[in-house]
Structure formats: structure tokens, C-alpha cells
Amino acid sequence: MEKLVVIPTYNEKENISNILHAIFGLNEGFHVLVVDDGSPDGTAQIVKELQLKFPKQLFMEERPGKMGLGTAYIHGFKWAIAGNYQFVFEMDADFSHNPNDLARLYNACKNEGADLAVGSRYVMNGGVVNWPKNRIALSKGASLYTRMITWIPVKDPTAGFICYKKEVLESINLDRIRFVGYAFQIEMKFAAWKLGFKIREVPIIFQDRTHGVSKMNKSIVKEGILGVLKLRWNSLFKNYRKRVKNADPENSSVKPVATNEALSE
Ligand SMILES: Nc1nc2c(ncn2[C@@H]2O[C@H](COP(=O)(O)OP(=O)(O)OP(=O)(O)O)[C@@H](O)[C@H]2O)c(=O)[nH]1
Ligand SMILES: [Mg+2]
């Protein structure tokens, strides 16, 4: 198994069919795992119908309720490791991330020596289109704040369009990653950096969603502000590296989490 794109969804009925067709239309051998959190708008039903059309490429994990982006990705990562995928991608369903850029992220990891490739808005030739000024300010402010506090050498630490080599996900103790929103994105990069993996930023143009609604809220921002401080604190005083390192990459995290297992955590 080579490439798996993990797409978390919550109420994405306007986008899900188009994004899946766009990815499979690339004909580049991507498999997709949708992790749906019981979307009341019937997103999962649409995916089920599409599974008949793309039987060996499209997979879905359904969780009973909205548990946050971070835990959806962790669920997807464990599924990917169990399926022995070599390259695992994070991508939103809302077309903010252009499917045509998947190949560039893949290339950075496969051929250019990166362990983790980040689709970055804030490097040369990257950018943002159609975002309201306040969202741009929030995103840039979050990047600056994160970099000042953690010193992470990544210009777009909240980015959510990523390619991971399998070894990166296997080396991180995924059960230790507890954040759900922006802070989740920051911590995954922070953990990879602290564990010595090579991070490469690949410029992307990020578009605001045109369909469906954003799930961004105040608690996600608050988690980000406090979460960054917590990461720094833990790395200064609590041996963060040891905490987040997977002691036994061969044997832990290899089983996909059953939905009720995830719930009872
Ligand atoms: N499974 C799952 N998916 C989620 C959850 N929250 C958000 N998502 C999905 O995660 C992706 C990103 O969410 P968005 O609402 O676009 O958040 P964002 O991109 O940070 O914010 P915007 O730029 O405002 O759209 C989308 O595919 C959402 O459907 C959740 O709790 N569970
Ligand atoms: Mg979005």
C-alpha cells in the first residue's frame, strides 16, 4: 500500500462527492479514508454510495458523534499504519486544499528527502485566496505566536495539508496527542521536529471554502493558545521527546481503533 489520504468530515455533503472525484480523477493511485463523525447532514451516506463506484480505493470509518478533528486524524493514522500505507496525507474536505498539490507533497517525501511535507501558505509562492481579513490575521497571528514560543522551524505551523512518511506516524505515541483543533496540527509538527524528522514546506495556495460551514470556534482558538504554552513547558521541563516517542513502534498503534474503544478513552 502506498498512498492514503485521510479526510475527516463533519457535515460536508456539499463537498464530499466533488473532493473524492477530484482525488480519484488524478489517477495517481491515491486511496482515501473518510473519518466521519456521524454528520447529521448525511455525508456518510454519500460516501457509502461512492464506495460502490470506487470499491478498492475508498474507505470510511464512522464515529458516532463529533469528537474533533485531532481524534479523527489519530483514528485515521492508526488505520493507515495497520494497513501498512507508506505515505499518509492529511487533507480537508472543503477544497481549501487543492488535490493537484497532493503530488507535490508526495514528491517532497518520496524523492526529496523529507519525512514530513507541509503544504505551506506562508513561504515564498504560497498564499491564501478569498479568506476574510480577520481569518488571515488569526492564522498569521497563530503562526507567529507558535514560532515565537516554540521556535519550531516551520512557517505555517497550523497547516493541515500534510504528507507523512509512515515512519513518522509510527514513531509518535499517537495516544499522547490529545489536542483536537489547531493545536493538534501544531503538536504533530512539534513532535516530528522534536523526534528529529526532516520537515519540508511546500508552497500551496489555500482557498476559503465556498460550500458548507466552517467548524472553527472560540474553544479551538483557546486550545491553540494554551496548547502552545503547554508544549513549550513540557519540552523545557518534562522531557517532551521521551513522552511523545513511541517506545515500541513495531507493536503499538498498529491496530485500528474500534469506534467504541475511541469513545471510552
Ligand atoms: N470527523 C471530524 N471532522 C471534522 C471535525 N471538525 C472539522 N472536521 C473536518 O475537518 C476539516 C477542516 O474543518 P474546517 O471546518 O474546514 O476547519 P478549518 O479548515 O480549520 O476552518 P475554515 O478555514 O474556516 O474552513 C473539514 O473536512 C471538516 O469537515 C470533527 O469534529 N470531526
Ligand atoms: Mg476549512
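Me: How much space lies in the largest pocket?
Reply: This is a predicted model in which local features need pLDDT of at least 70 and side-chain atom pairs pLDDT 80 or more, while totals for chains, interfaces and linings use all residues. Residues are numbered from 1 along each chain, chains are lettered from A and ligands numbered from 1 as written, and side-chain values use heavy atoms, without hydrogens or water. A pocket is an open set of points on a 1 Å grid over the protein atoms alone, where a 1.4 Å probe fits, with protein on both sides within 12 Å along at least five of seven lines. The space in the largest pocket is about 840 Å³.

Me: Which residues lie closest to the centre of the largest pocket?
Reply: Its lining, residues with an atom within 4 Å of a point, numbers 38 residues. Closest to the centre are Leu 69, Asp 92, Arg 209, Lys 215 and Met 216.

Me: Which space is taken by ligand 1?
Reply: A molecule sits in a pocket if more than half of its atoms lie within 2 Å of its grid points. The space that ligand 1 takes is the largest pocket.

Me: Which residues surrounding ligand 1 are the closest?
Reply: The ligand is surrounded by 18 residues, each with a heavy atom within 4 Å. The closest are Glu 12, Asp 94, Arg 135, Ser 214 and Lys 215.

Me: How far from an oxygen atom of ligand 1 is a polar side-chain atom of Glu 12?
Reply: Polar contacts pair N or O atoms within 3.5 Å. For the side chain of Asp 92 the distance is 3.1 Å, and for that of Asp 94 it is 2.7 Å. For Glu 12 it is 2.5 Å.

Definitions and conventions
A polar contact is a pair of N or O atoms within 3.5 Å; within protein, one must be able to donate a hydrogen and the other to accept it, and residues adjacent in sequence count only if both atoms are side-chain atoms. Grid points are joined across faces, edges and corners, and a volume is the space filled by probe spheres set on the points.
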